[in-house]
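Student: Hi! I have a structure open and I'm new to it. Can you walk me through it?
Tutor: Happy to. Let's look at it together.

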Amino acid sequence: MEYADVYNKDRRKLGKTVLKGDKLTPGEYYLAVHVWIMNSKEQFLIQKRASTVLYNPNKWSLTSGAAIVGEDSYGTCIREVNEELGIEPNMDCAKVMFTLERGDNFCDIWLVQQDINLNECVLQVEEVSEIRWATKKEIFKMIANGEFVPYPYIKRFFEKIS
C-alpha cells in the first residue's frame with residue numbers, strides 16, 4: 001500500500017496523508033507527474049499501457065504516476081521513469097513545462113531531453129507492454145485513431161516545445 005501527501009489549493013502540504021486512490025475532500029489535492037522523454041531527433045518515447053491497467057488499457061501513452069509520501073515532483077519523475085521503463089532520466093536535461101490542476105491533483109508536465117537505447121529499457125510488465133519512439137505527427141495520428149490517450153493539454157505541450 002502506498003500513501004500520498006495531501007495538499008491545499010496553494011500546493012502546500014496539509015500535514016496529512018491518504019492511501020493512494022482514496023477519494024479526497026473538495027479543496028484537497030495530491031501530486032502527479034506526466035513525463036515526456038524527447039530524443040535528439042525530436043521523437044518521443046511512448047509506451048503502450050498493459051491490458052490489465054485500470055485506465056486506458058492497451059492505449060499508447062507516456063510515463064506518469066502519483067507522488068508517494070515525502071516525495072516531490074522531481075523525485076516522482078525519477079521514480080516513475082525508473083519503475084516503468086527501468087532507466088534513469090537525465091534530470092540535468094529535464095524541466096517542468098507547466099502544471100495543471102486536474103480535479104483532485106496537481107500534475108506537473110515534465111520534458112526530459114535524452115537519447116535512450118530502447119534495448120536498455122526494462123519494462124514494468126504490470127504497467128507497460130511496449131515502447132517505441134514517435135514523432136509529434138505520429139502521436140496526433142494515433143490520437144485521431146483512438147490509439148493514444150488524448151491528453152487535453154497535448155496541443156499546449158507541443159506548442160511550448162516548438
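Tutor: Let's begin with a term: patches are made of residues with over 30% relative accessible area and no salt bridge, with like charges joined within 9 Å and nonpolar side chains (Val, Leu, Ile, Met, Phe, Trp, Tyr) within 5 Å. A salt bridge is a side-chain nitrogen of Lys or Arg within 4 Å of a carboxyl oxygen of Asp or Glu. Accessible areas come from the Shrake-Rupley method with a 1.4 Å probe, and for residues only the protein chains shown count as cover.

Student: Okay, and which residues make a nonpolar surface patch here?
Tutor: Met1, Tyr3 and Val69 make one of about 370 Å². Keep in mind that this is a predicted model, where local features need pLDDT of at least 70, side-chain atom pairs count only at pLDDT 80 or more, and totals for chains, interfaces and linings use all residues. Residues are numbered from 1 along each chain as its sequence is written, and side-chain values use heavy atoms, leaving out hydrogens and water.

Student: Is methionine 1 buried or exposed?
Tutor: Methionine 1 is exposed, as its relative accessible area is 85%. Exposed means over 50%, buried under 20%, and partly exposed in between (1.4 Å probe, protein chains only). Methionine 1 lies in the segment before β1 (3-7).

Student: How many helices and strands are there in the protein?
Tutor: There are 3 helices and 9 strands. Both are DSSP runs, numbered from the N terminus: helices are H or I with at least four residues, strands E with at least two. From the N terminus, the order is β-β-β-β-β-β-α-β-β-β-α-α.

Student: What are the spans along the principal axes?
Tutor: The C-alpha trace spans about 45 × 35 × 30 Å along them. As for burial, 45% of the 162 residues count as buried.

Student: New topic: where does tryptophan 60 lie?
Tutor: Tryptophan 60 is in strand β5, residues 60-61. Tryptophan 60 is buried, with a relative accessible area of 8%.

Student: What is tryptophan 60 in contact with?
Tutor: Setting aside neighbours within four places in sequence, its contacts include Ile46, Lys48, Ile131, Met142 and Phe148. Contact means heavy atoms within 4.5 Å.

Student: Which residues does the UniProt domain annotation cover?
Tutor: The unreviewed UniProt entry has "domain: Nudix hydrolase" over residues 28-156. UniProt positions are given in the numbering used here, feature names are shortened, and annotations may be inferred rather than shown by experiment. Over residues 28-156 the chain is 19% helix and 36% strand.
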